[in-house]
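These are my notebook entries on one protein structure. I record what I looked up, entry by entry.

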Amino acid sequence: MKTLIKLALASALAIGSAYGALAAEFTKGTVKKVDAKAKKVTLIHEELKSLDMPAMTMVFRVQDDAILEKLKEGANIEFVAERVGGKLTVTEVK
């Protein structure tokens, strides 16, 4: 019986995590500066509702090199930012 409960709980968590990934909210921004060596990007962005942050210009980390390659100074983008290890990080770009 305990195994069945654990399986049900694990399934619920997996579904919740998958839904959370699908529900990522994209925010509009403009790339001001790219620092490929430091894996950082400076963005002028609209309000980040998911992080309760007003519109501003700030520096984000970029962990994924594929995302970093998409970022060009002056480009208008839509992105997802999340706290990863306590640091604000761009996790998706379109």
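**Entry 1: strand pairing.** I began with glycine 29, whose bridge partner in strand 4 is isoleucine 77. Strands are DSSP runs of E with at least two residues, helices are runs of H or I with at least four, and both are numbered from the N terminus. I then noted that strand 1 (residues 27-35) and strand 4 pair in the antiparallel sense over four bridges; two strands pair if DSSP finds at least two bridges between them.

**Entry 2: basis of the values.** The model is predicted, so I note that local features need pLDDT of at least 70 and side-chain atom pairs count only at pLDDT 80 or more, while totals for chains, interfaces and linings use all residues. Residues are numbered from 1 along each chain as its sequence is written, and side-chain values use heavy atoms, with hydrogens and water left out.

**Entry 3: the hairpin.** Strand 4 and strand 5 pair in the antiparallel sense over six bridges. I found arginine 83 opposite leucine 88 in strand 5. The two strands form a hairpin with two residues between them, and glycine 85 in the turn has a positive phi of about 60°.

**Entry 4: the aromatic pair.** I searched the whole structure and found one aromatic pair. Rings of Phe, Tyr and Trp (its six-membered ring) pair if their centres lie within 6.5 Å; planes under 30 degrees apart count as stacked, over 60 as edge-to-face and the rest as tilted. The ring centres of phenylalanine 60 and phenylalanine 79 are 5.7 Å apart and the planes lie at 65°, so the pair is edge-to-face. Because phenylalanine 60 lies in strand 3 (residues 56-62) and phenylalanine 79 in strand 4 (residues 76-84), the pair ties together parts that are 19 residues apart in sequence.

**Entry 5: leucine 71.** Beyond its neighbours within four places in sequence, I list contacts (heavy atoms within 4.5 Å) of leucine 71 with residues including Val31, Val41 and Ile77.

**Entry 6: confidence.** The mean pLDDT (the predictor's confidence in each residue, from 0 to 100) of the protein chain is 85.
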